[in-house]
Amino acid sequence: MIMKIKRLVTGVAVLLLLLQVSCDSGPKESSKSQPVSKAGSQKAISVKGSDTMVHLTSSWAEQFMGHYPGTQVSVTGGGSGTGIAALLNGTTDICASSREIQGKEKELALQKKIDLVEHAVARDGLAIIVNPANPVAELSLEQIRKIFTGEYANWKDVGGPDLPIIVLSRESSSGTFVFFQEFVLNKADYTPKARLLAGTSALVQSVAADQGAIAYVGLAFALDAKATVKMLPVKSTDGAPAVLPGDETVRAGKYPIARPLYLYTNGSSSPEVKAFVDFCLSDAGQKIVTETGYISVK
Amino acid sequence: MWKDKAMRLLMVSAASTSIFLVALIFIFLVKEAAPFVLTPGLRALLDRQWIPVSFVQEHFGILPLVTGSALVTGLSMLFTIPLSVLGAIYIAEIANPVEREILKPFIELLASIPSVVLGFFGLVVLAPLIKALFGLGTGLTALTGAFLLTLMAIPTVITLSEDAIMSVPRAYKDASQALGASDLQTIFRVIIPAALPGIIAAIMLGVGRVIGETMAVLMVTGNSALMSWSPLAPVRTMTATIAAEMGEVSFGSIHYQALFWIGLVLLAVTFILNIIAQRVLVRYGMMK
């Protein structure tokens, strides 16, 4: 399945490249406001941004192209910040973002006269994962905060074995990094000892290999890696029941570490872009959300 | 006549293109880094913490990154120097032509492995090995990075050291042997001292190669900006910081400027290393 998507995405990318090259002599002036969308009869739109969402957006793109054969959708990751920057610079039609656009970016959009439109298209739970050999059965938000800020350095501080905690995190460029810092660490800094890894799969692999490791990853990734890592139920307060992340618990707001996922578009963009966003929000689109391990907004 | 002149002009411009480009790059780096001097001021770079994204207080101290790079580079040289110098001696002085024909292409092949492939090898093979060997929680350490960098530095240092050893005049060797010195004595008392400046220059260039390497260290060193001299601690190097953070930093921000300062420091270090290597070579007549 993933291979198929990857092949598809590469294929689309190559096609897009050819398309761009072949119509390079075409209307260059308009390319700034409406990137690559007016290329002959074949319409092309690009989605760029969050690595967390790549899985989801490529599935959408695949299905969308099945419904609208005249439109090519290309999907690239790179991180939420990268996607937002690309949207502001006019190099992508749609930006996928796992965090809300921030003040500075909004100002920039105003300057560049880009009419940012926000679409909340899915929700995502952030799973706390540990090594399967780790006997700790649950953590409270407070304990998670203390672990990631370095206050707790040993698993015995949270009722586990006498084993140093290895804190793993995404790089600071990740939307997930910022979200986790803001809402779980209450805006405190990560411990300087946290190892920053590039990409979610590196996190999952390290947690699977290292007994004392702990990390946060998107729910879809944690479910994919169920065989190699252990998801921990999380208590929102000390007295509250511990809740495992899942479709129901996230949607009902019982699981405390969840966030909306967004698509951002330029208000004055092409009808194809609008069709794509509408498709993502449609029943068919939301079904894909659930299938790929995210939580639908409906 | 005009043809000669035109040709000359063409060649001069071709030869100066790279200098021109280096100058442009330098100007660009300085231009982007410059506003940092006013706010928050250069003192901020001397902070002992690198916390570029924070809701509390950002810190742009490049010291932990400098020590990180230094630690990884130093460790890797610890492995590179004996391996390369001994290897070069063997290839230049002892190996028979057949052995040399086999060894040399393979060493050069090592140089052509993309560093991201080496990094992957490090992540999947080397890190678990180091973890098991030292009983650590995780194998993402400075030592792991140093091992990988050793693989990258070896081709440079071996090839250049071998050149240096080869360029020792034949007469030295003959004279030494005529005086009754054994092969070993000849190599360590005559040839190596004569080739030493060249070997030192080779090591310098190896250091330059290692300190600028990015991808492999980004993948295996754990990237925690800690100030530590332990080989088993995770480190964050200057190059890895730029690579990991430049992609998403907002243009013109203080964080962006700080990254350019790291670039400037890196450039200065490699520049100085190269100059020293060249000086050594010229001084001892190994390069004109």
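Buried residues, defined as those with 20 or more other C-beta atoms within 10 Å of their own C-beta atom, placed from the backbone (exposed residues have 12 or fewer, and partly exposed ones lie in between), make up 39% of the 288 residues in chain B. The structure is a predicted model, in which local features need pLDDT of at least 70 and side-chain atom pairs count only at pLDDT 80 or more, while totals for chains, interfaces and linings use all residues. Residues are numbered from 1 along each chain as its sequence is written, and chains are lettered from A, with ligands numbered from 1, in the order in which they are written.

Chain B contains 10 helices and 2 strands, these being DSSP runs numbered from the N terminus, with at least four residues (H or I) for a helix and at least two (E) for a strand. Read from the N terminus, the elements of chain B follow the order α-β-β-α-α-α-α-α-α-α-α-α. The C-alpha trace of chain B spans about 75 × 70 × 30 Å along its principal axes. When contacts (C-beta atoms, placed from the backbone, within 7 Å) in chain B are taken between residues at least 6 apart in sequence, 73% of them join residues at least 24 apart.

For chain B, the domain assignment, which is automatic or taken from a database, gives domain 1 (2-33) and domain 2 (62-283). The C-alpha centres of these two domains of chain B lie 30 Å apart, and their contact takes 4 residues from domain 1 of chain B and 6 residues from domain 2 of chain B. On the side of domain 1 of chain B that touches domain 2 of chain B, the residues divide into 3 nonpolar, no polar and 1 charged, where Ala, Val, Leu, Ile, Met, Phe, Trp, Tyr, Cys and Pro count as nonpolar, Asp, Glu, Lys and Arg as charged, and the others, Gly among them, as polar.

Two helix pairs of chain B were examined, with axes taken as lines fitted to C-alpha atoms over the stretch in contact and angles running from 0 to 180 degrees between N-to-C directions. Helix H2 (residues 63-94) of chain B and helix H7 (residues 183-211) of chain B have axes that come within 9 Å and cross at roughly 140 degrees. H2(B) is therefore oblique to H7(B), given that angles under 35 degrees count as roughly parallel, over 145 as roughly antiparallel, 65 to 115 as roughly perpendicular and the rest as oblique.

Ala258(B), found in helix H10 (residues 254-283) of chain B, is buried because 25 other C-beta atoms lie within 10 Å. With residues up to four places away in sequence not counted, Ala258(B) touches Phe36(B), Pro52(B) and Phe60(B). The C-alpha atoms of Ala258(B) and Ile62(B) are separated by 8.4 Å, although these residues are 196 residues apart along the chain.

Chain A has 11 helices and 11 strands, and 48% of its 298 residues count as buried. Its domain assignment gives domain 1 (44-123 + 259-291) and domain 2 (124-251), with 28 Å between the C-alpha centres of the two domains of chain A. Between the chains, 28 residues of chain A are in contact with 23 residues of chain B. H6(A) gives the most to the side of chain A that touches chain B, with 3 residues, and that side has 10 nonpolar, 10 polar and 8 charged residues.

Key
Contact = placed C-beta atoms within 7 Å.
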